[in-house]
Amino acid sequence: LGVSVRGRVAVAIRGGGYRGGVVRRAAERSAAAVLIAGHADGGVERGTVILGGPGDPLTPGWAATAGAERLDFDHEDVKRRFPAIPSMPVSGKTASAIIRTLGGPALPADWQTGVGLPVDVGGVGPGPTLVNFTYQEDRKMGMIQDIFAIIKGYEEPDRYVILGNHRDAWTYGAVDPNSGTSALLDIARRLGIMLQSGWTPRRTIILCSWDAEEFGMIGSTEWVEENLEDLQSKAVAYLNVDCAVQGIGLFAGSTPQLDNLLVDVTRQVKDPDVEGKTVHDTWNKMTGGINIERLARTDSDFAPFLHHAGIPCMDLYYGKEFPGYHTALDSYHWMEKHGDPLFLRHVAIVEIWGLLALRLADDPVLPFDYQTYASQLQEHANAFSSMMENSKWVHLLNRSIEDLSDAGLEFLKEAKKLQDQNISDGYSLMRRRLLNDRLLLAERSFLQADGLQGRGWFKHLMYSPPEDYESKLSFFPGVADAISRSSNRSAKEQQAAVRHEVRKISRAIQRAADVLRGEFSNRNESLYSSLSVAP
């Protein structure tokens with residue numbers, strides 16, 4: 001609107017972007033400070049504004065254990081993790097009281113709705129209102145504790161199915177995280193009953209209670225960093241539940257090879273709200289078809305598992321959002337009166353989460369489907385092609401995706417042959433183990449060893465978050481970063497930057513296809529390399 005925020009206190013109305021990105025954007029525009037308003041009918045929404053990914057800022061890329069090396073607070077890498085200006089959450093009521101007194105251009109209609117202002121009230125400023133903004137830093141070190149329960153597998157104890165929820169909360173935390181914590185405890189109770197009856201899982205099941213998630217997924221990130229090599233060679237999948245119940249309707253995000261497993265499991269669970277229906281029935285009807293989100297966000301504990309370690313992940317919750325998120329309204333009273341009065345949605349999440357874990361722990365051949373993964377990547381490639389006006393180098397991407405689809409089909413045929421056999425001898429068991437290892441390692445192929453350019457902690461080339469929270473791409477983060485960073489460059493330079501990232505993605509997808517086939521690449525192609533020959 002042509003209004004400068006230089007030297008001013010900016011009021012930001014809650015939208016879809018990450019709050020830390022909002023504060024950084026305000027700092028880039030030379031604002032003095034930021035007030036972030038919550039929902040019009042909500043309270044004061046707290047939340048971290050840390051930048052550059054999750055984890056302890058003093059130990060970027062390695063675990064924050066007792067004797068670990070720690071960077072100084074004034075180290076450049078640490079300073080980059082924090083916005084350059086202070087910020088503070090305020091209620092929608094407080095924000096509207098400020099905005100209604102401002103002059104300048106009229107407030108856009110959708111902004112008025114965000115803080116509950118009547119039409120044609122308030123401006124965007126600047127002034128004439130003054131805000132007394134006081135910021136006092138509380139800088140201190142804190143000890144955190146993750147808690148684990150482990151059920152050793154009888155056949156493959158070195159293969160891990162991991163379930164996790166965090167237990168720290170900004171306020172009372174009935175939704176975030178205690179609805180998920182209660183679900184995790186109920187799964188532990190049910191697994192305990194099964195163990196007493198004589199059952200033991202084929203693969204090891206690990207239940208995790210994370211600490212310090214609200215400060216930037218610190219508990220889970222530090223554990224992943226500490227055990228990275230072990231997890232990358234042994235972890236089957238990570239199943240996350242944060243806010244288990246915050247309203248009506250199932251919502252889910254996952255890496256695509258787990259889609260069909262999730263759909264199958266929801267057909268087995270009674271819907272908590274509609275008599276005589278399954279969760280699958282109502283999920284399908286509510287969204288006009290099964291809709292599974294891709295996990296290109298960094299707002300819960302799946303982030304280090306997927307974005308850094310390349311482990312297949314899933315995130316489950318009931319209810320899209322609720323106005324009391326991260327506020328003092330997140331109470332047991334709200335849950336009992338509004339969120340889940342009979343607590344049947346909690347039961348449904350427990351059953352879905354638990355059945356997923358049992359399938360991953362006990363199925364002889366892991367229930368992964370890489371044809372589904374290839375189909376999803378093809379949708380991404382088509383969307384990207386349209387955005388780039390069918391650029392010719394998208395064909396390279398299409399070829400690698402087609403090869404991944406072929407490899408996925410070949411794998412399914414091979415797995416079916418093996419399943420049809422009577423597996424009892426050591427040789428057949430080893431064949432099945434090797435088959436599962438190919439499924440296990442295919443997701444790791446999407447990692448770039450040195451990470452995304454300028455953001456080395458994020459290594460997943462398909463589903464890490466983009467650097468610019470306003471990016472139109474929720475996939476191919478390297479491409480998204482290349483587009484946003486080269487917006488001020490010539491068309492030729494921008495195309496070169498994007499093309500380089502597309503080639504990286506194509507190579508990663510080809511790696512996954514080769515891993516699924518279980519052999520070195522045997523494509524009949526010549527290899528060209530530059531050689532420096534000394535006389």
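Tutor: A helix crossing is left-handed if the near helix is turned anticlockwise from the far one by less than a right angle, and right-handed if clockwise. Keep in mind that this model is predicted.

Student: OK. Which hand is the crossing of α14 and α15?

Tutor: Left-handed.

Student: Where do those two helices sit, and how many degrees do they cross at?

Tutor: Helix α14 covers residues 394-420, and helix α15 covers residues 426-442. Their axes come within 11 Å and cross at roughly 155 degrees. Angles over 145 degrees count as roughly antiparallel, so α14 is roughly antiparallel to α15.

Student: Which residues make the contact?

Tutor: From α14, F411, E414, A415 and L418. From α15, R431, R432, L435, R438 and L439.

Student: How many of those are nonpolar, polar or charged?

Tutor: Five are nonpolar and four are charged. None is polar.

Student: New topic. What does UniProt list for residues 147-333?

Tutor: An unreviewed UniProt entry gives "domain: Peptidase M28" for that range. In the model, residues 147-333 are 32% helix and 25% strand.

Student: Where is D211 found?

Tutor: In the loop between β6 (203-210) and α6 (218-226).

Student: Buried or exposed?

Tutor: D211 counts as buried, because its relative accessibility is 16% and the cut-off is under 20%.

Student: What is D211 in contact with, leaving aside neighbours within four places in sequence?

Tutor: I144, Q145, D146, R167, D168, I218 and G219.

Terms used: Residues are numbered from 1 along each chain as its sequence is written. This is a predicted model: local features need pLDDT of at least 70, side-chain atom pairs count only at pLDDT 80 or more; totals for chains, interfaces and linings use all residues. Side-chain values use heavy atoms; hydrogens and water are left out. Axes are lines fitted to C-alpha atoms, for helices over the stretch in contact, and angles run from 0 to 180 degrees between N-to-C directions. Helices (H or I, at least four residues) and strands (E, at least two) are DSSP runs, numbered from the N terminus. Angles under 35 degrees count as roughly parallel, over 145 as roughly antiparallel, 65 to 115 as roughly perpendicular and the rest as oblique. Contact means heavy atoms within 4.5 Å. Ala, Val, Leu, Ile, Met, Phe, Trp, Tyr, Cys and Pro count as nonpolar, Asp, Glu, Lys and Arg as charged, and the others, Gly among them, as polar. UniProt positions are given in the numbering used here, feature names are shortened, and annotations may be inferred rather than shown by experiment. Buried means under 20% relative accessible area, exposed over 50%, partly exposed in between (1.4 Å probe, protein chains only).
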